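Here is a set of questions and answers for a reader new to this structure. Each answer ends on what was asked for.

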Amino acid sequence: MVLSNNDGCVVARSREAKALGIKMGVPVFQIRDQIRQQGIAVFSSNYALYADMSQRVMSLLEALAPRVEVYSIDEAFLDLSGVGNVVALDRFGREVKAKVEQWTGIPVCIGIAPTKTLAKLANHAAKQYPATGGVVDLTAKTRQHKLLRLMPVNEVWGIGRQLTRKLDALGIKSAYDLAQANLKTLRRSFSVVVERTARELNGESCLDLETVQAAKQQIICSRSFGERVTDKATLKEAVCSYTARAAEKLRSESQYTKAITVFIRTGMFNPNEPQYSNSATAVLPIPTGDTRDLTQVAVVLLDHLWREGYRYIKAGVMLSDFYAPGVYQPELFKPGQERPNAKSLMTVMDTINHSGKGKVWFAGQGVNPAWIMKRGRLSPAYTTRWNDLLKVR
DNA sequence: TCTGGGGTCCTAGGACCC
DNA sequence: TCTGGGGTCCTAGGACCC
């Protein structure tokens with residue numbers, strides 16, 4: 001199984017781990033004995049590895065289908081319009097699955113249907129029932145109905161815990177019940193989102209394939225600390241680091257931000273410990289992508305937030321109110337000024353930091369931080385670091 | 001005493017997703 | 001003792017406009 005950041009909770013489990021009754025999201029310390037007794041293999045999360053393997057799978061999918069929406073690190077929607085005229089969709093799905101497995105070693109499941117919501121449900125079935133061979137084609141109405149009756153409504157994409165509870169009270173228990181429900185009632189009792197979900201279950205496509213990724217509206221960088229932080233200087237290092245990371249993400253999006261929020265908090269699980277959680281936001285005079293501008297404001301915000309005498313467990317930085325380059329309309333009477341060469345300096349920093357030859361950072365971020373998150377069981381970055389290359393003997 | 005109709009923008013809170 | 005991180009969308013309500 002794989003752990004969350006800071007080696008805190010279980011966030012992914014193999015079939016075997018699930019069979020042993022390991023639940024999603026449990027804190028590791030609660031099942032320490034079980035892990036030892038049953039010899040469960042435990043790994044810290046390794047985002048460098050996952051991102052690289054994801055890219056390999058996605059680029060392969062893009063070669064196999066004309067239009068692809070990369071929906072998340074491990075999911076994609078493929079437009080199969082017209083494909084059915086050339087080859088049976090079920091067979092096409094099996095070919096894609098085989099090719100991905102052969103070229104990347106990643107096992108995938110495939111669901112095929114006229115709408116995204118039905119495709120997700122088909123995928124779920126492909127994953128759940130080994131007899132399908134990992135591919136389910138839901139093109140035929142009769143097969144759609146069969147599966148809808150089988151699936152509890154909480155398995156439907158877009159129906160979470162709260163909606164499941166409310167739908168249950170209305171007697172809507174299966175995906176089929178939701179598909180049959182009155183659209184006007186759904187709209188009135190819930191929202192347009194639930195109405196769309198019901199329409200999609202009926203084969204009416206309401207959600208388009210989004211092949212170009214939309215620009216982000218906010219960027220967050222937040223982390224729990226490896227150990228509790230009790231002094232301001234250390235907390236400041238963390239906030240400076242998170243600010244730098246958020247700014248880096250912002251620049252990789254080619255955007256500029258006009259608002260920054262800093263938050264800090266103590267742990268919430270120990271009722272005997274004094275708790276404190278707070279956030280503060282500042283608006284910048286002009287949009288910026290310069291780490292120096294953002295850091296300058298972030299440390300002032302931290303000054304406002306800081307309270308002595310607490311054991312802090314987490315801090316975070318959020319950027320919002322974004323502008324594309326050249327879009328912002330400055331004020332007439334007090335136009336802000338970008339620092340000279342701001343863009344060049346940031347580009348140089350980002351380039352060095354991505355070159356693999358070394359790192360540069362701001363002094364405020366500190367060196368050898370004590371607060372850095374725990375990753376005690378990290379697997380090698382097999383595909384992105386020379387020293388970690390897989391050895392075949 | 002009686003008080004219209006049609007809009008936009010912003011924010012907080014709630015819900016969902018991976 | 002130890003409990004993750006990063007996003008989006010929708011709606012209601014308040015404030016404002018003509």
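Q: How do the residues of the surface near DNA strand C divide into nonpolar, polar and charged?
A: In this predicted model, 25 residues surround DNA strand C. Among those of the surface near DNA strand C, seven are polar. The other groups are eight charged and ten nonpolar.

Q: Which element gives the most to the surface near DNA strand C?
A: Helix H11 (192-201), strand S7 (218-229) and strand S10 (312-323) each supply at least two residues of this surface. With eight residues, the one that gives the most is S7.

Q: At what distance from a sugar or linking oxygen of DNA strand C is an N or O atom in the side chain of Ser4?
A: Side chains also make contacts with DNA strand C: a polar side-chain atom of Arg223 is 2.9 Å from a phosphate oxygen. For Ser4, the partner of the side-chain N or O atom is a sugar or linking oxygen, and the distance is 3.0 Å.

Q: What percentage of the atoms of DNA strand B within 4 Å of the protein belong to sugar or phosphate?
A: For DNA strand C, sugar or phosphate accounts for 71% of the atoms within 4 Å of the protein, and bases for the rest. For DNA strand B, the share of sugar or phosphate is 100%.

Q: Which element gives the most to the surface near DNA strand B?
A: A polar side-chain atom of Asp74 is 3.1 Å from a sugar or linking oxygen of DNA strand B, and a backbone N or O atom of Leu163 is 2.8 Å from a phosphate oxygen. The elements giving two or more residues to this surface are strand S3 (67-72) and helix H8 (161-169). With four residues, the one that gives the most is H8.

Q: Why does Ile352 count as partly exposed?
A: Ile352 is found in helix H14 (residues 342-355). Together with Val348 and Val360, Ile352 forms a nonpolar patch on the surface, with about 210 Å² of accessible area in total. Ile352 counts as partly exposed because its relative accessibility is 34%.

Technical notes. Residues are numbered from 1 along each chain as its sequence is written. Chains are lettered from A and ligands numbered from 1 in the order in which they are written. This is a predicted model: local features need pLDDT of at least 70, side-chain atom pairs count only at pLDDT 80 or more; totals for chains, interfaces and linings use all residues. Side-chain values use heavy atoms; hydrogens and water are left out. Patches are made of residues with over 30% relative accessible area and no salt bridge: like charges are joined within 9 Å, nonpolar side chains (Val, Leu, Ile, Met, Phe, Trp, Tyr) within 5 Å. Accessible areas come from the Shrake-Rupley method with a 1.4 Å probe; for residues, only the protein chains shown count as cover. A salt bridge is a side-chain nitrogen of Lys or Arg within 4 Å of a carboxyl oxygen of Asp or Glu. Buried means under 20% relative accessible area, exposed over 50%, partly exposed in between (1.4 Å probe, protein chains only). A residue is near a molecule or strand if one of its heavy atoms lies within 4 Å of it. A polar contact is a pair of N or O atoms within 3.5 Å; within protein, one must be able to donate a hydrogen and the other to accept it, and residues adjacent in sequence count only if both atoms are side-chain atoms. Ala, Val, Leu, Ile, Met, Phe, Trp, Tyr, Cys and Pro count as nonpolar, Asp, Glu, Lys and Arg as charged, and the others, Gly among them, as polar.
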